Amino acid sequence: MTDRAVGAPTPSDDPIAGSASSGAGGGSFRRARNVLALVPFHVYVLIFLVLPTLIVALGSITTADGGITLDNIRQLFTTDVFVDAFVKSIQLSIATAILGAVIGGILAWAVARGNPNGLLRQLVVAASGVLAQFGGVMLAFAFLATFGFNAIVTNVFKDTLHLDLLSDPSWLYSLTGLAVVYTYFQIPLMLIVFLPALDGLRQEWYDASASLGGSAWSFWRHVGGPILAPSFLGALLLLFTNAFSAYATAAALVSQGCPIVTLQIACQLQSEVVLGQENVGKAIALGMIVVVSVVMVIYALIQRRASRWVR
Amino acid sequence: MTEPQGTSLSASTPAGGALLAPPRPRRRGAGGSPGQLVARAIVLILILGYLVLPLFAMLEFSTRGDYGTRSLKPYTDILSYPNLMEGITTSLEIAALTVLGMLLLLVPTMVWTVVRVPRMRRVVEFLCLLPLAIPAIVLVVGIGPIYRWMGQNLGVIGASPLTLALIDIILVLPYAYRAIDASLRSIDVATLADAARSLGAGWPRTILQVIVPNIRGGILSASVLAIALVLGEYTISSLLSFNTLQVVIYLLGKRDPFVSVAVSFSALLFAFVLLFLISRFAPGATHRGRQPAEEPA
């Protein structure tokens, strides 16, 4: 599938196997045992990851009574609600990925230029881990407590500043609200993903650029920018899939309808099944896999390029 | 990319903005030019301020008493919601099972691939990172039939919320793999295993008493990430109708928002303390970028 020669500094198996095991003659037995030890892991992944994926893939091309059909997949492209959900999800993911990458990238720069073992960095990294990966429902509540009805910012804008801006909290429950909360957890994710790349910029490169008379601008234009570009693009794609896959925040904020893909799948799972639509949810899920896979493949290609510099 | 020096010098005139400005020769972390210090301070205050604002608002919201006073009642009320306590207990139990299962599944397999079958290393890595390409909500769609089957055929165990650990192990694989892999790469596993084996240790003993102590940083951060992931997991438990912590918090949000914000704030704080302690006491294990600097020369 992939050429495994790329960047695989693994020791060759023969000398190790030869020195570790006693005596000769156990070749095929040893080989069998070597493979057998990996069976539990593969069986587990097969049952709980590969099988569910197959159920989704096969389900999306079958009818309720087991016949083959392309109708479920056709509905993805012809039913307005589904097309709309994919379009909105992709727009939301692109917008929040760009915002998150830019703001998070700047934050990562500010953190990376500080003491690598300092308290500030450890605090920011730990907090980012929590906000980026732990959030979901709780972040939705955090924003309700900030911009919701009778929340602190809403009250300040309404009662103290007497501004219309932000004093009506209904925007929070719309796609705009989703975009704001998504961006909020994209920023810390960007920090986590991008910090190692910034750490890879060696001090010698700054020094070399400066000693040749380079300014800040020329350093970023000719050294830092080109080196970081693949990592930045990779991070951007990662943020895209992160937003595209997010469900909990949206489920906690949006109460009406199923405007984005993940909510649409949940609606399909929870609603009464319409005759002939039993497997449409699986087709939508397959559509998500396709989108994410395409992005991940591009990510892997970029990452291969980025890894040349970040060592 | 590599252009003649002339162009890079001539391109150096326009001011690149204070935000992009670290060219002065100096040691990293030793301060920097005044302009850069100011730029960093502004960036940190603005962005970190924005990140902290909702957390502060949670604290403010959850400590409101009557008539503008402050009160910790929502926090003490947490104990008086049996559903909530049950959700917390369930999630903690799932977290324990997930950590145990993840380590049992991953550590021997990864050690084995490094020592004995290196050609399988890429396959294992691919399978471990695969969940990143399959969103949790998609997994629910596919896992639904499997859980229905377990519920019908495996009795009490099959219908227990603790079965969520089975799927949480899959969700945590990418993060756990990276953490443990970083640790494994920093030691010479093959030589350690050879040494242990030549002194007469069997494989279980080699892994448990020789290799595991050497990768405990990676194991620790993999475990913490697993705990954080399980405590924050909502998608799968809600759609499979199991009352885990997040599901209960969500349901409670409609009845008593003050208590649900209080629980959320406590949970976020708990996760933060866990991750902070890890980055302080198991350095290098959580992010690979810093590792080279910390290895002895």
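I began with the two domains of chain B, and found that 8 residues of domain 1 of chain B are in contact with 7 residues of domain 2 of chain B. I note here that the model is a predicted one.

Looking at which elements supply the domain 1 side of this contact, I found that α2 (34–62) and α3 (73–77) of chain B each give two or more residues to it, and that α2(B) provides the largest share, with 5 residues.

For the bounds I went to the domain assignment of chain B, which places domain 1 at 34–75 and domain 2 at 82–294. Taken over C-alpha atoms, the centres of these two domains of chain B are separated by 31 Å.

Next I looked up chain B as a whole, where I counted 15 helices and 0 strands, and where 45% of the 297 residues count as buried. I also checked the contacts in chain B with a separation of 6 or more, and found that residues 24 or more positions apart account for 72% of them.

Last, I turned to the contact between the chains, which takes 95 residues from chain A and 93 residues from chain B.

Terms used. Residues are numbered from 1 along each chain as its sequence is written. Chains are lettered from A and ligands numbered from 1 in the order in which they are written. This is a predicted model: local features need pLDDT of at least 70, side-chain atom pairs count only at pLDDT 80 or more; totals for chains, interfaces and linings use all residues. Helices (H or I, at least four residues) and strands (E, at least two) are DSSP runs, numbered from the N terminus. A residue is buried if 20 or more other C-beta atoms lie within 10 Å of its own, exposed if 12 or fewer, and partly exposed in between; C-beta atoms are placed from the backbone. Domain bounds come from an automatic or database domain assignment.
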